[in-house]
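I set down here what I looked up in this structure, entry by entry. The order follows the questions as they came to me.

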Amino acid sequence: MSLENIVNETKAYYCLECGKCTGSCPISRVNKGYSPRLTVEKALLGFDKELLADGGIWSCMTCNLCKDRCPSNVDYTKFIRYARAEALKTGYTGNCTHGGVLSSLMRIMGNPNLKQDRLGWVSDNLKISEKGDILYFTGCLPYFETLFKDIGVNSLDIARSTVKILNRIGIKPVVMPDERCCGHDLFWTGDLENFEKIAKLNVGLIRGTGAKKVIFSCPECYRTFKQDYSEYVDMDFELVHISEFLAEKIDEGKIDFGSLEEDVTYQDPCRLGRHLGVYDPPRKVISSIQGIGLIEMEHSRERSICCGTSTWTNCDRFSEQIQKERLKEAKAAADTLITACPKCQIHLSCAMKSKTPIDEVKIKDFSVLVASAMGLGDDP
Amino acid sequence: MKEFDPKIVAFCCNWCSYAGADLAGVSRMQYPPNVRIIKVMCSGRIDPLFVLMSFLEGADAVLVTGCHIGDCHYIDANHKTKNRFEFLKEMIAELGIGEERLRLEWISATEGEKFADMVKETVEKIKKMGPSPLSPKVMQ
Amino acid sequence: MKGCFIAWATDDATRKRGGSGGFVSAALAAALDNNLVDNVLVLKKTSPYKATPIVTNDPKEVLECAGSLHFVSVNMAKYVPPGRVALPAKPCDAMGVIERAKRGQLDLDEVYMLGLNCGGSLHPKKAKKMVEEMYNLDPDNVIGEDILKGELILKTADGEKALKIDDLEEKGYGRRESCRYCETNIPRMADLACGNWGLPVDKLGKTTFVEVITNKGEEIFKNAVDTGYVEFEPASDKAIELRDKIDNVMKGLAEKWHKRLFEPIEKLSDSERLAFYVDALNRCIGCGACRKACPVCTCGDSAKCLIEGDSNYKIPLFLMVRLLHLMDSCIGCGRCEDVCPAGIPLTLIHRRFAERMQNKLGYVPGINLDKPPYFEGELREDS
Amino acid sequence: MVDDVLVIGGGVAGIQASIDLAGRGLKVYLVERFPSIGGKMAQLDKTFPTGDCSICILAPKMMECFSHENIDVLTHAEVKGVSGNAGDFRVKILKKPRYVDEEKCTGCGDCVSACPYINLPDEFDMALRSRGNIFIPFLQAVPRVVMVDREHCVKCGNCQVICDAGAIDLYQKPEEIEIHVGAIIVACGFDSFDPSGIKEYGYGRYKNVITALEYERLVCASGPTGGHLDRPSDKKTPNSIAFIQCVGSRDVNHNPYCSSVCCMHATKEAILAKEHYPSMENYIFYTDMRAFGKGFQEYVDRAKNEYEVRYIRSKPGEITEDKETKNPVIWYDDTVTRQVKRLEVGLVVLCTALVPSKGIKELADVLGVELDKNRFFKIADPLYAPLDSSREGILVCGYCQGPKDIPEAVTQAKGAAARAAEVLACLGA
Amino acid sequence: MEEKEIRIGVFICHCGTNIGGSVDVPAVVEYAKHLPNVVHAERNLYTCADDGLTAIKNAIKQHKLNRVIVASCTPRTHEPLFRSTCEEAGLNKYLFEFVNIREHCSWVHMKDTEGATEKTKELVRMGVARATLLEPQEEMKIDVEQSAMVIGGGIAGITAAKTLANQGFDVYLVEKEAVLGGMLRNLYRLFPTGEDSLDSLQPSIAAVEGHEKIKVFSSCELKEVKGYIGNFDVTLLREGKEVNFKVGTIIVATGAMEFEPKGHYGYGKYDHVITQMQLEKLLKDGQLKKSDSVVMIQCVGAKGEEVSYCSRICCMVAIKNAMLIKEINPDADIHILHNDIQAYGAEYEELYNKAREMGIRFIKYTPESPPCVTMDGEKLKVEVYNELFGEQFMLGTDLVVLSTPLVQHQGGVEISKLLRVPLGKDKFFFEAHVKLRPVDFATDGIFLCGTAHGPAEVAESVSQALAAASGAGIPLSRGFVQIEAISVKVDLEACIGCGFCVEMCPYQALDMVDGKLEIIEALCKGCGTCVATCPTGALEQRHYQNNQIISQIKSIFHPVIE
């Protein structure tokens with residue numbers, strides 16, 4: 001897509017150059033060299049080459065803060081996504097972190113003949129099924145477990161907790177042994193070819209299980225299914241985030257979340273919050289745990305700040321600065337930070353392990369918190 | 001002996017300062033009962049003769065009030081008030097009866113408090129200064 | 001042909017009669033003769049102590065009135081008739097004329113003022129007394145007077161007697177009080193400024209030093225020359241210098257007098273000053289003579305100062321209003337004090353008030369047609 | 001065919017239209033929803049670019065209007081139904097009870113001090129001060145009569161006891177009046193946009209973030225602080241103020257249009273602050289400085305040069321708060337230096353959009369006229385008939401047909417009066 | 001006036017407890033009874049209530065009162081009521097005197113009953129002193145000629161004339177050009193509707209030219225206007241001959257002209273640097289050559305030294321014309337170099353966005369480093385520093401269009417002198433009050449509309465024209481104007497003709513004619529500034545006479561006046 005088309009597609013021509021995007025952008029605040037406004041203006045004024053070569057387009061966290069605030073409704077997030085695709089064609093790309101393992105992994109996922117065993121984590125106390133109405137889409141958790149165990153993130157706890165909670169309310173979710181990564185990161189870094197393959201594979205697999213409802217614990221998977229798959233494949237099942245699923249159950253009076261004497265604060269993942277508008281359900285669930293204190297951070301809900309990086313690209317000192325600021329905010333609110341996104345947990349935990357240490361904040365996943373409140377924790 | 005009770009004459013224009021005095025009333029701002037208001041349509045109508053006469057009659061102080069410069073109901077008639085006031089001020093100074101006895105204030109219709117404060121301050125000041133030496137009473 | 005000249009009347013009689021070359025009388029007569037003006041306003045001397053302003057269109061009568069005069073009672077400004085008119089004018093006469101023009105009483109374009117340098121004049125009534133007491137002469141025997149080199153010279157049939165003006169004034173005689181501190185000696189607000197200051201010794205008493213100031217002055221001067229009434233030569237730089245020197249000496253003297261007369265009042269405390277004013281002004285009997293004599297006053301019988309006040313006022317309302325109205329316009333001619341039957345030092349008091357305002361506003365009355373600040377409509381920048 | 005005219009809305013436009021029509025000898029009914037006429041202009045402190053005191057110049061007009069023999073002023077009333085056609089409209093007006101006999105009340109205010117319940121937010125003063133259940137709408141209200149807020153009243157009767165005039169009637173009933181008019185002029189004005197939905201600016205969350213209209217009341221001599229600029233958090237005078245333009249306007253998420261007056265309004269407010277407090281630092285955040293009226297650009301130039309107002313071209317991204325000082329902190333992209341900056345100030349004033357007044361839709365339905373997509377009244381021809389609504393005989397003027405400043409509103413009001421007279425004359429002929 | 005015994009009635013109001021609460025009202029009544037000339041004094045609970053008003057009327061008859069004093073609240077609200085009550089009882093309303101003992105006394109001395117009572121007595125005493133000297137006044141009625149003159153035949157003048165004529169008044173429409181239409185004749189299409197300018201104007205011109213009540217004087221020059229509201233004598237020059245008529249009111253709609261940007265951006269030097277007006281003409285005549293790139297420069301000469309103001313409409317003119325060029329050639333590169341876009345209001349912001357959507361690009365320049373236009377071979381070259389992007393841009397272009405402000409023209413300046421109405425600093429006509437009297441002049445009976453007032457677009461001009469017509473129509477429909485009897489009068493016997501009062505008057509109501517003062521009462525608004533200035537007692541203000549005010553002053557200090 002030419003830059004002119006990108007401008008038209010994202011209605012960037014409406015840009016009044018007011019600078020609200022840049023004034024909002026968490027990156028611009030720490031990295032003076034990055035400005036969403038100037039990025040758009042480059043496209044408007046015909047600075048195509050400069051724009052595509054600019055590493056800045058890979059720094060954007062696509063957190064939607066600027067998009068939501070833009071008085072002219074310029075879809076900057078989309079703009080960045082298109083620009084990345086265009087840049088990729090021209091040969092530019094971002095700096096992959098973790099040696100590019102994660103991105104190559106994702107591309108492999110597009111292979112229909114890929115053999116994988118994704119169910120190694122399913123311990124005996126967890127009840128799952130092969131076919132059924134409700135399916136739990138685990139996403140990349142098994143891979144994260146191996147990669148990030150060293151920074152203290154036990155990703156599979158999230159999966160286990162989710163299944164345990166579901167089991168407690170009498171659901172034996174389908175968990176697929178050969179589900180693919182959702183393709184989120186491919187989509188956002190411009191590799192639409194592989195993304196399409198994955199989308200089709202995943203939807204095919206789910207169809208095969210007869211599931212009517214798919215539950216996600218990862219907001220990225222959730223958003224990708226909900227907003228991005230539809231361009232490539234039709235779906236006939238319902239999509240829901242675990243927090244929404246649980247919140248609904250509260251209304252039905254079907255669940256007791258137990259109790260936990262602890263003050264916590266909650267990190268809105270961008271995908272769940274600003275991208276999909278899911279702010280209340282996780283809060284509703286957390287608040288339903290007896291004895292718990294949910295204290296909001298200075299920036300929460302619509303104003304929430306992203307965990308500092310996305311798509312495993314361009315994670316740099318600026319990301320770390322954002323993460324540390326965020327952790328400070330969390331610490332000011334409570335000792336425990338709850339996230340509803342495995343990636344938030346990974347990125348923030350990573351920042352905590354950096355060379356210049358900061359006050360310890362316990363970071364817990366939403367499902368893990370709920371499971372332990374329900375007395376389902378302490379796995380062997 | 002009865003405490004000295006100053007008599008103060010205040011000239012107010014119909015549009016601003018008189019309305020300001022009204023607002024002081026409406027807002028129940030309390031000030032001592034020493035002031036006598038004489039209403040004219042515009043502060044430009046205040047002939048310095050009136051001020052001089054007030055002093056000769058025995059006023060302990062005279063207040064000349066009008067709309068703020070720029071707000072005059074009659075375009076710029078209060079400019080003339082200001083010019084004439086300069087003459088009065090010099091005259092009072094030369095006569096030696098105390099310059100504080102003559103005061104010019106611009107008071108808008110919203111400045112009830114300013115009006116009340118002006119009266120309060122003037123009464124306090126004049127009480128300290130004592131009766132006007134030009135007042136006929138003192139002569140006897 | 002503006003500038004300074006030395007001029008004299010061609011007619012011998014006029015030259016003689018006019019103490020200093022007769023230029024003024026000759027020029028006035030010439031103006032009438034050539035129909036430059038309709039009338040001439042001059043003082044006609046009826047005795048050494050009395051001179052009456054007359055309006056005439058007869059050049060002869062004008063010439064008859066030639067001669068210097070130091071015992072003067074009136075300010076000429078009040079006698080200026082309508083129409084084109086020429087008059088000899090001391091500085092205070094000229095200032096009076098200009099102030100009256102501002103008040104719509106005459107059209108300055110039609111008035112030709114032949115200014116006379118002035119070192120001060122004497123009030124006739126006081127002069128009589130002085131003649132008796134200081135000169136030991138019978139006032140009625142005096143046939144002429146002159147001022148030269150700081151001496152007042154009285155002429156009788158028996159000869160002359162001169163006394164130093166300084167000495168006279170120390171004793172309370174001599175020039176009017178207001179003249180003593182008057183700093184306007186050369187009437188530059190008039191069309192011409194004439195006098196004997198600056199003349200070389202050999203020409204003293206025979207010629208007039210004339211400065212032509214305005215276009216009207218030029219007209220008068222040219223007319224006088226063209227009609228043969230007057231002859232002239234340019235004034236030397238030296239003469240001009242000399243005139244300025246005399247002017248400065250007079251000014252210096254005036255400054256001293258000013259200090260001497262005003263400082264005592266200046267030093268008074270507020271209450272003492274008020275007492276001084278109340279004492280003085282309360283003597284007023286309300287006769288209105290001052291108002292009638294004042295060249296600036298033009299109001300007539302409906303003047304605001306005539307609004308009735310109460311008898312118990314410490315200062316009559318009449319004088320209060322006059323003080324106010326004259327604060328910017330008093331020219332300090334001294335006529336009010338001359339005529340006050342109650343002996344109030346009116347001019348001194350008016351000057352006190354007026355100097356405050358005039359200095360503050362930087363306004364000088366009587367020199368041009370600038371509007372008096374009291375009647376200014378626009379807001380002053382500084383106030 | 002009748003030639004009486006109904007004017008809806010008692011702000012400066014409605015007042016002006018009424019006075020002009022009444023001046024022609026036509027009978028005018030002026031209906032105002034609020035208990036006093038005066039409208040938004042009565043709430044302003046000063047007006048730009050002349051710095052005239054707003055109520056000082058308006059109050060005489062309010063009085064002139066109220067006491068005009070040809071004008072029937074109906075306050076606290078609403079138009080409920082309109083039938084008929086130009087030259088012959090039948091209008092139903094609901095006069096809501098104010099629980100006070102307007103004829104008898106002398107406006108002395110004794111009852112106000114007698115009311116034991118005094119913790120209701122004062123609407124006129126933007127809730128910056130509280131009022132009682134019985135209250136005078138504001139000091140210069142016209143008519144100057146009290147009214148009872150029955151919603152909160154416990155009917156203790158104190159007010160009735162103290163009122164010597166016997167004016168209070170707590171059981172007053174709503175009254176419906178029907179009038180017959182030939183033309184209708186609508187001048188129902190605007191409301192201030194509520195910025196609490198713009199989360200990033202913290203209105204409602206941070207005490208020292210206020211709206212421009214609240215600021216007007218704060219600096220007004222007859223306002224809740226007596227004209228002292230006491231910021232809400234600690235009642236102290238801030239040493240710096242930032243004014244933020246286009247809050248809710250020129251914003252497709254809220255109101256896409258330009259509210260037209262805010263740039264000048266902020267400039268005026270900054271100048272006032274500087275005049276009152278010479279050490280005050282003022283910042284104005286803007287996108288385009290819209291100083292397009294008579295003398296406006298010069299006013300802005302003066303603000304820059306004489307009053308040292310700093311104009312910053314940027315729409316701030318976010319406002320946070322310093323926890324200690326309660327100072328708002330503005331994060332913005334200074335688009336001229338192209339740098340993201342942080343500015344801590346003592347007070348933030350949000351120059352909010354001005355939006356069509358509440359109830360405009362209902363009124364439009366009652367009148368049978370159309371609104372445009374911004375919910376302002378639609379005009380018949382944006383060039384040559386700028387004051388005619390979509391229905392003959394109904395004229396629209398002032399802010400209710402689109403953003404305008406006071407002189408434009410007054411101009412339109414007079415124009416609408418002329419059009420009404422023209423319509424009536426043509427119908428009569 | 002015939003000497004008559006003064007009989008004063010005093011009515012003191014309790015105002016419930018508002019006055020009665022802190023003032024001993026009965027004591028004041030007793031006191032009032034003993035004041036000179038007072039023949040009746042009473043108190044009322046509410047003087048403004050029906051029974052209070054009835055009491056006044058009865059007392060006027062019963063006690064043959066010829067002066068009435070009410071001591072209660074402020075005259076600013078209740079004076080009209082009591083005045084009309086007096087009139088109903090046959091008493092001239094100027095014989096009524098109001099004493100404010102509530103706002104100025106009881107309410108401000110609530111805790112000092114003694115002080116407040118004493119003060120009230122004095123206030124009443126002052127009122128009696130003044131009332132004694134009050135004189136009946138007749139309010140002057142000036143008959144108004146039932147016609148109006150509109151100067152200027154542009155859209156504003158046309159609209160004003162049409163509206164007034166439709167209201168039934170005779171209108172003289174004076175235009176210096178041979179045809180009506182003004183500036184709109186030269187325009188192509190109008191924003192925001194996109195209508196053809198002349199086409200859209202035609203019906204209005206036709207309506208005016210065919211109107212039986214309107215007399216159009218085209219190719220006419222105004223020579224002289226004398227008189228005042230209701231009675232203006234107008235002299236026109238038509239083909240060298242004088243035409244005379246009389247009108248009641250006048251509307252000035254003389255328009256404005258485009259500033260000629262001599263010396264700006266190569267205007268006059270390069271052929272392809274033109275103004276927006278010239279562009280309009282090219283577009284109108286279909287003469288615009290296909291341009292692949294166009295640069296428009298805003299604020300040429302405006303918001304700066306030559307013209308300090310923002311000309312309001314040029315941004316939208318530029319945007320509109322840019323869009324029209326885009327319509328002709330969708331591929332044209334158009335850049336508008338601006339210093340803040342004035343897309344105020346609802347429609348313009350929309351249009352502005354539409355322009356962006358069409359691909360028109362906007363570059364903000366700084367007045368400190370304005371764009372630079374030079375010739376680069378066959379093409380024009382515009383260099384501009386993009387303030388918001390921080391880069392110097394080089395735009396090669398076929399056409400440069402300069403947006404210049406509207407300015408006053410010589411004709412307007414002359415009309416201002418002729419009518420003696422002022423121009424402002426910006427040289428446009430200066431209204432009576434910027435806020436509340438935007439289409440009035442301080443001089444009664446003369447009104448203002450259209451671009452003569454300042455830059456305005458069509459709808460604004462039309463609104464103003466209608467507003468001016470409202471103002472001009474009011475005196476016409478009433479047939480007279482009435483003047484509150486507080487104007488000044490002169491005693492010519494006492495007047496010395498000094499003329500200082502003439503310049504004091506903010507309304508030019510005074511004039512010296514052959515050394516004699518003339519007062520045009522119709523112009524006097526009663527501020528009294530001239531009266532205070534007059535060194536004699538020649539000038540007096542009705543109802544605020546010197547002796548009335550003096551009597552008030554004196555009475556403060558005299559317990560009882562004999």
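**Chain contacts.** I looked first at which chains touch. I found no contact between chain A and chain C, and their closest C-alpha atoms are 43 Å apart. Chain C and chain D are likewise not joined by any contact, with closest C-alpha atoms 17 Å apart. The model is a predicted one. Seven pairs of chains are in contact, and of these chains D and E share the most contacts.

**The interface of D and E.** I then asked how many residues each chain brings to this contact. Chain E gives 75 residues and chain D gives 67 residues. The two chains bury about 5500 Å² between them, and carbon and sulfur atoms account for 56% of that area. On the side of chain E, the residues that lose the most area to chain D are E:Leu388, E:Lys435 and E:Leu436, together 14% of what that side buries.

**Cysteines.** I searched all chains for disulfides and the count was zero. For D:Cys400, the nearest cysteine sulfur belongs to D:Cys188 and is 4.2 Å away, so D:Cys400 is in no disulfide, the cut-off being 2.5 Å. D:Cys400 is buried, at 0% relative accessibility. I also checked E:Cys530: its sulfur has that of E:Cys527 as the closest cysteine sulfur, at 6.3 Å, which is too far for a bond. E:Cys530 also counts as buried, with a relative accessibility of 7%.

**Helix H1 of chain E.** I noted that the buried residues of helix H1 (residues 25-33) of chain E are E:Val25, E:Val28, E:Val29 and E:Ala32. Why do they lie on the same side of H1(E)? They cover an arc of only 100° around the axis, and therefore share one side of H1(E). The general rule is that an α-helix has 3.6 residues a turn, so residues three or four places apart point the same way. The partners of these buried residues are strand S1 (8-13), strand S2 (38-44) and helix H5 (113-133), in chain E.

**Helix H3 of chain E.** I compared the length of helix H3 (residues 75-88) of chain E with expectation: its 14 residues should span 20 Å at 1.5 Å a residue, and the end C-alpha atoms are 18 Å apart, which agrees. In H3(E), I found E:Pro75, E:Glu79, E:Phe82, E:Arg83, E:Thr85 and E:Cys86 to be buried. These residues are on the same side of H3(E) because their arc around the axis is only 160°. They pack against helix H1 (17-26) and strand S2 (35-40) of chain B, and against helix H2 (50-62), strand S3 (67-72) and strand S4 (96-100) of chain E. Just after H3(E), I noted a positive phi of about 85° at E:Gly90.

**E:Glu540.** I placed E:Glu540 in strand S28 (residues 539-541) of chain E. Is E:Glu540 buried or exposed? It is buried, because its relative accessible area of 17% is under 20%. Its side chain reaches the backbone nitrogen of E:Asn546 at 3.0 Å. Beyond its sequence neighbours within four places, E:Glu540 has contacts that include B:Arg45, E:Ser487 and E:Gln545.

**E:Gln548.** I found E:Gln548 in helix H15 (residues 546-557) of chain E. E:Gln548 is buried, with a relative accessible area of 0%. A polar atom of its side chain lies 2.9 Å from the backbone nitrogen of E:Gln545. Leaving out residues up to four places away in sequence, E:Gln548 touches E:Arg130, E:Leu133, E:Leu134, E:Glu135 and E:His543.

Key:
Residues numbered from 1 in each chain as written. Chains lettered and ligands numbered in written order. Predicted model: local features only at pLDDT ≥ 70, side-chain atom pairs only at ≥ 80, totals over all residues. Heavy atoms only, no water. Buried < 20%, exposed > 50% of the residue type's maximum accessible area, 1.4 Å probe, protein only. Helix = DSSP H or I, 4+ residues; strand = E, 2+ residues; numbered from the N terminus. Expected span 1.5 Å × (residues − 1). Arc of directions from axis to C-beta. Contact = heavy atoms within 4.5 Å. Polar contact = N/O pair within 3.5 Å; in protein donor to acceptor, adjacent residues only side chain to side chain. Buried area = accessible area lost by both parts, 1.4 Å probe.
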